[in-house]
Amino acid sequence: MDTRGGFSSRLGFILAAAGSAVGLGNIWGFPTQVASNGGGAFVLVYIFLTFLLAYPVLMAELIIGRAAQSNIVTALEEVSESKTNIFGTWIKKVSQGIGFWGVLTASLILSFYAIVAGWMIAFAVAPIANLLGLSYLAEWLTSFSASRNLLFCLLFYLLTMSIVQRGVRAGIERWSRRLMPLLLLIIVVLIVYVATLEGAIAGWSLYLKPDFSRVFDSSLLISAMGQAFFSLSLGVGTMLIYGSYISKKENLPKLGVAVTFVDIGIAILAGLLIIPAMFVAEHNGVQIYTTAGQLLSEDTLLFTVLPALFSTMGLAGYIVAIVFFILMTIAALTSSISMLEVPVALAVERHSVARKKATWLIGLVIFLVSVFIIYNFGELFGLVIAITTKYSEPLIGLLLCVFVGWIWRRDLLLKEIKQGFSDVETGIFWLIWPFYVRFICPLIIAVVFYNRII
């Protein structure tokens with residue numbers, strides 16, 4: 001079996017975990033959620049719910065992962081084994097089921113995520129085709145078709161698998177260190193550029209002025225919770241498996257805070273880019289609202305409105321379009337490698353499959369699922385997104401809270417956290433978090449989830 005790797009440094013973990021968290025959910029989903037849900041009010045609720053709900057669940061995943069230093073299935077089994085009563089065997093079987101459920105969820109998310117990421121690559125290549133006078137190729141690249149979707153989805157899988165096959169340090173950590181700073185740089189450059197254009201002020205106004213009447217709107221609360229879970233890659237085992245690669249010397253609560261702040265920070269920066277860009281587009285005559293006054297759907301905004309905006313900028317528009325969609329591809333790639341790592345780690349550690357072989361075999365299987373979705377797009381694409389991000393992720397997050405709060409022995413939990421944080425018992429984290437993750441967090445998730453269903 002392959003020797004188990006690990007992150008070489010604290011920065012390496014933060015960049016990799018933040019890369020997993022920072023994806024299309026931040027740069028695509030978050031700004032449009034903001035624009036549709038009261039502007040700055042959504043931002044405030046999102047930040048609040050991220051620390052109220054997402055951070056405690058993030059810590060649960062990181063602590064379970066580092067304690068077991070294994071894949072999600074084995075990790076949950078080991079936690080369940082701390083219960084030695086008559087329910088121990090039953091709990092172990094349930095833990096296996098939850099672990100495999102997490103692996104399946106991560107794989108299904110990757111199956112639709114790779115399709116969207118493929119669109120990003122195609123839209124990054126299209127301006128180059130236009131500059132070369134290949135208008136027919138540019139039109140094919142930006143038109144919806146099974147052939148385009150298949151080709152660029154496959155290309156994105158190849159990029160993802162080529163990184164994951166190299167392991168934690170040589171693959172995931174090395175490329176996270178390169179891609180995350182580049183992503184941040186591109187966002188900042190585009191923010192500065194868009195801020196100089198006519199119409200950007202209206203976007204800034206919407207973004208920075210909260211509509212407090214919407215703060216307690218149930219649809220806003222549900223959207224903000226879903227955004228917090230999805231953007232932090234919770235409920236699928238990605239943070240658990242990354243936690244398993246952390247050194248025992250590291251302070252987990254501080255690492256969790258760092259990842260959460262980076263995730264929130266990049267989401268907010270994305271809003272400073274996308275929302276002003278939308279209003280620049282409107283100023284240039286591009287429609288961003290329906291006749292009923294509702295914001296256009298996320299995919300329409302990203303693949304119709306923004307390209308229309310870029311086309312009004314002349315030659316500069318081609319450059320901006322290339323840079324923007326490269327940004328989107330990088331954001332997608334830093335997340336996809338963490339998703340693929342979940343089933344790969346399971347195959348490597350539990351079934352003794354060589355990492356390279358596991359990466360390519362599992363990647364191929366998930367790609368075939370993407371192919372099935374592409375050829376049944378209308379029926380399956382939205383359904384898979386809803387099942388995984390709206391229902392599965394919060395439920396698994398709730399169950400992970402139950403495992404940490406009720407099944408894992410408190411003395412063993414404390415022992416694990418004290419590695420790297422010896423005086424944790426005297427701090428506010430241990431004073432609040434164990435009680436919170438045991439009682440409050442599951443209750444809030446259950447209530448919000450119930451409201452979502454009804």
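Tyr-55 counts as buried at 10% relative accessibility, where buried means under 20% relative accessible area, exposed over 50% and partly exposed in between (1.4 Å probe, protein chains only). Phe-51 is partly exposed, with a relative accessible area of 28%. The model is predicted, so local features need pLDDT of at least 70 and side-chain atom pairs count only at pLDDT 80 or more, while totals for chains, interfaces and linings use all residues. Residues are numbered from 1 along each chain as its sequence is written, and side-chain values use heavy atoms, without hydrogens and water.

Both Phe-51 and Tyr-55 lie in helix 3, four residues apart, about one turn of the helix; helices are DSSP runs (H or I, at least four residues) numbered from the N terminus. The structure holds 24 aromatic pairs, counted when ring centres of Phe, Tyr and Trp (its six-membered ring) lie within 6.5 Å, with planes under 30 degrees apart taken as stacked, over 60 as edge-to-face and the rest as tilted. Phe-42 and Tyr-46 form a stacked pair, 6.5 Å centre to centre with 5 degrees between the planes. Phe-42 and Tyr-46 are both buried. The pair of Phe-51 and Tyr-55 is tilted, at 6.2 Å centre to centre and 45 degrees between the planes.

Ile-63, Arg-66 and Ala-67 in helix 3 meet Leu-413, Glu-416 and Ile-417 in helix 17, contact meaning heavy atoms within 4.5 Å. Phe-324 touches Leu-190, Leu-273, Ile-274, Leu-302, Leu-306 and Phe-310, not counting residues up to four places away in sequence. One aromatic cluster includes Phe-324, Phe-310 and Trp-119.

Conventions
Helix = DSSP H or I, 4+ residues; strand = E, 2+ residues; numbered from the N terminus.
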